[in-house]
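Colleague: I'm new to this one, could you walk me through it?
Modeller: Gladly, let us look at it together.

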Amino acid sequence: MNRSIETIHTAHHQREGGGFIVRRPFPSGQVEAIDPFLLLDEMGPIDYRPGEAVGAPDHPHRGFETVTYVLEGEMEHEDSAGHRGALRGGDVQWMTAGAGIVHSEEPSRALRERGGRVHGFQIWVNLPAALKMTRPRYQEVPAAKIPHAKSADGLAEVRVIAGAALGARAVIDTHTPIVYQDWSLQPGASVVLPLAAELRAMVYVFDGGAKVAGAKVTSGQLAVLGAGDALVLEGAEGPGRLLVMAGAPLREPIARYGPFVMNTRAQLEEAFADYQSGKLGAITRTAQVVS
Ligand code: MN
């Protein structure tokens, strides 16, 4: 059975980190989470002038995963476990914060000095109670290693970050069943994407428009899908680009505050106390200049 659209939510604008603006379909006043997803942020597209680019300086996370997908621009990250790296167009970082990590997510020095375009996404994926205190884990996959595929007519293209589509299977390992894909659809494109019935699924259009389950959805709109085991994606009058996200619902209580997402208020208080007492660690910076 093909899924149909249950609700459509229009993204609102929200100031984050050091002051950058994101387009955020959820959470919002209406939608706390779409189990197992906790947040979807679109950063940009924005053209920074020299000296303008800002990011998110040192901050902690516990109890879930942050997934960063950069389309344009260069972001650098450092963390309390000693990881350090850069993400460029098409790269993905799947970070399991688990028991806790302190990290920074900043535009590269070159981007800060010269300015430039930034566009990307961060989603938050919840962890089941049994894995909230798991060891932090990183999966960093450069653009060239993200599996991609095209439909036979060439009108639909997909980059598979999680799950499988058009014969391409993700290289990233997820703790629970997750689908996360970046689709480009030209006019005339028509694809049937199998999506297991047990997954909660949604589509976020971020460029142009597309027909999702037969209905037109335009940039900045999130369509939450109903029951079924397949999704029909079609091109609209012009090109469109969208994210498909789906995951097995955890059906557990959510206690969230800022960078911590736990099951109970007591666990949240513990997370704050652990962060304040330094148990989540701190970023060790050497004198070496990050460039
Ligand atoms: Mn973060």
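**The metal site and the aromatic pairs**

Colleague: Which residues coordinate the manganese ion?
Modeller: In this predicted model, the manganese ion is held by H59, H61 and H103, each through NE2, and by E105 through OE, at 2.1 to 2.3 Å.

Colleague: How are those donor residues spaced in sequence?
Modeller: The spacing of the donors of the manganese ion reads H-x1-H-x41-H-x1-E.

Colleague: And is H103 buried or exposed?
Modeller: H103 has a relative accessibility of 1%, so it counts as buried, and E105 is buried as well, with a relative accessible area of 14%.

Colleague: Switching topic, how many aromatic pairs does the structure hold?
Modeller: There are eight aromatic pairs. In one of them, F64 and W124, the ring centres lie 4.5 Å apart and the planes meet at 40°, so the pair is tilted. That pair links distant parts of the chain, since F64 sits in strand β6 (residues 64-72) and W124 in strand β11 (residues 116-126), 60 residues apart.

Colleague: What about F121 and F206?
Modeller: Those two form an edge-to-face aromatic pair, with 4.8 Å from centre to centre and 70° between the planes. F121 belongs to strand β11 and F206 to strand β19 (residues 200-212), so the pair ties together parts that are 85 residues apart in sequence.

Colleague: Is F121 buried or exposed?
Modeller: F121 counts as buried because its relative accessibility is 0%, and F206, at 5%, counts as buried too.

Colleague: Which residues form the aromatic cluster with them?
Modeller: One aromatic cluster is formed by Y69, F121, Y180, Y204 and F206.

Terms used. Residues numbered from 1 in each chain as written. Predicted model: local features only at pLDDT ≥ 70, side-chain atom pairs only at ≥ 80, totals over all residues. Heavy atoms only, no water. Donors = N, O, S within 2.8 Å, 3.2 Å for Na, K, Ca; no water. Buried < 20%, exposed > 50% of the residue type's maximum accessible area, 1.4 Å probe, protein only. Phe/Tyr/Trp six-rings, centres within 6.5 Å; stacked < 30°, edge-to-face > 60°. Helix = DSSP H or I, 4+ residues; strand = E, 2+ residues; numbered from the N terminus.
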